[in-house]
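This briefing covers the fold of one protein chain and two of its residues. Please keep the sequence and the model open while reading.

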Amino acid sequence: MMARHLRGTDQTVRHTIHAFHQRGLAVFQPQSSRPHTTAASFDAGVCASLRALLHQRPRTFGKPTSQWTLALAAEVSFAQGLTPRLVSDEAMRVALRR
């Protein structure tokens with residue numbers, strides 16, 4: 001019954017009870033969904049390597065297109081080991097803006 005009221009699963013109820021024990025009634029007040037910290041996915045060296053990568057054609061990396069997109073740049077940078085994980089288009093856009 002509680003899961004239906006919270007519009008979630010049994011796990012949602014468990015998380016809510018745990019949070020209630022930590023924060024009390026404040027758990028039911030809306031909070032920001034923004035991350036508490038932001039970690040830069042790209043340091044200066046990676047940004048330089050990314051710029052060098054983007055001066056090549058995607059076909060060099062076996063891609064069927066001659067134009068870069070943010071998603072394609074993220075995919076290739078991960079495949080080339082520039083990033084430890086596949087990053088979002090937004091992370092790629094921010095890195096390229098730097």
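**Contacts of Thr83**

Thr83 touches Phe42, Ser77 and Phe78, leaving aside residues up to four places away in sequence; contact means heavy atoms within 4.5 Å. The model is predicted, so local features need pLDDT of at least 70, side-chain atom pairs count only at pLDDT 80 or more, and totals for chains, interfaces and linings use all residues. Residues are numbered from 1 along each chain as its sequence is written, and side-chain values use heavy atoms, with hydrogens and water left out.

**Thr83**
- Thr83 sits in the loop between helix H4 (70-79) and helix H5 (89-97); helices (H or I, at least four residues) and strands (E, at least two) are DSSP runs, numbered from the N terminus.
- Thr83 counts as buried because its relative accessibility is 3%; buried means under 20% relative accessible area, exposed over 50% and partly exposed in between (1.4 Å probe, protein chains only).
- A polar atom of the Thr83 side chain lies 2.9 Å from the backbone oxygen of Arg85.

**Ser77**
- Ser77 belongs to helix H4 and is buried, with a relative accessible area of 0%.
- A polar atom of the Ser77 side chain lies 3.0 Å from the backbone oxygen of Ala74.
- Not counting residues up to four places away in sequence, Ser77 touches Leu50, Leu82, Thr83 and Met92.

**Whole chain**
- The protein chain has five helices and zero strands.
- Of its 98 residues, 20% are buried.
- Among contacts with a separation of 6 or more, 30% join residues 24 or more positions apart.

Terms used. A polar contact is a pair of N or O atoms within 3.5 Å; within protein, one must be able to donate a hydrogen and the other to accept it, and residues adjacent in sequence count only if both atoms are side-chain atoms.
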